[in-house]
Amino acid sequence: MKTLITLFLTLSITSLSFSQNELPSMELKTLEGKSIQLQDISKDQVVVISLWATWCVPCKNELDAISEVYDDWVDETNVKLYAVSVDDSRTVSRVKPLVNGKSWDFTILLDTNNDLKRELGASTIPLTLIIKNGKIVYRHSGYTPGSEEALFEEIKKHS
């Protein structure tokens with residue numbers, strides 16, 4: 001019970017200290033080098049943004065779990081997922097081979113300077129956001145098996 005109360009207080013304090021409720025206006029690159037304006041990705045569509053890195057095991061586990069059900073999510077809600085790698089200049093070369101090996105069917109964006117991560121006040125990854133009309137309507141940090149089911153329930157609420 002003490003652990004549950006501590007978790008609740010931590011989550012409450014985290015949400016109180018989190019003032020960013022709009023998706024920052026910035027440009028990120030795809031793996032192919034194409035520029036994408038973040039503000040443009042969520043017009044008329046619910047979007048999931050997942051901040052991750054090649055060295056983050058929970059991040060890869062979350063994206064693997066989502067990948068298994070992603071086609072069903074798209075069919076049911078028309079959601080689009082953007083997996084934003086926060087790998088820096090030393091590790092960004094690992095992103096494309098890892099993604100190709102995983103066969104993830106979502107758009108991969110690169111945040112090598114961690115500008116987006118900083119703007120969002122993300123102290124840990126994975127960080128998963130649901131965006132609707134440029135507004136952050138859901139935010140979750142960390143991953144445990146089964147979290148993708150709760151994420152999908154949130155997606156459905158906002159679709």
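Start on the surface: select Asp 71, Asp 72, Asp 75, Glu 76 and Asp 105, which gather there in a patch of negative charge. A patch here takes residues with over 30% relative accessible area and no salt bridge, joining like charges within 9 Å. A salt bridge would be a side-chain nitrogen of Lys or Arg within 4 Å of a carboxyl oxygen of Asp or Glu. Asp and Glu count as negative, with each charge placed at CG of Asp or CD of Glu. Accessible areas come from the Shrake-Rupley method with a 1.4 Å probe.

Keep in mind that this is a predicted model: local features need pLDDT of at least 70, side-chain atom pairs count only at pLDDT 80 or more, and totals for chains, interfaces and linings use all residues. Numbering runs from 1 along each chain as its sequence is written, and side-chain values use heavy atoms, leaving out hydrogens and water.

Now colour helix α2, residues 57-77, and you'll find Asp 71 in it. Helices are DSSP runs of H or I with at least four residues, strands are E runs of at least two.

Next, click on Met 26, in the loop between α1 (2-17) and β1 (27-30). Met 26 is buried at 14% relative accessible area, since buried means under 20%. Show its contacts (heavy atoms within 4.5 Å): leaving aside residues up to four places away in sequence, Met 26 touches Ile 36, Gln 37, Leu 38, Asp 115, Leu 116 and Glu 119.

Finally, zoom out to see five helices and seven strands.

Technical notes
Patches are made of residues with over 30% relative accessible area and no salt bridge: like charges are joined within 9 Å, nonpolar side chains (Val, Leu, Ile, Met, Phe, Trp, Tyr) within 5 Å. Buried means under 20% relative accessible area, exposed over 50%, partly exposed in between (1.4 Å probe, protein chains only).
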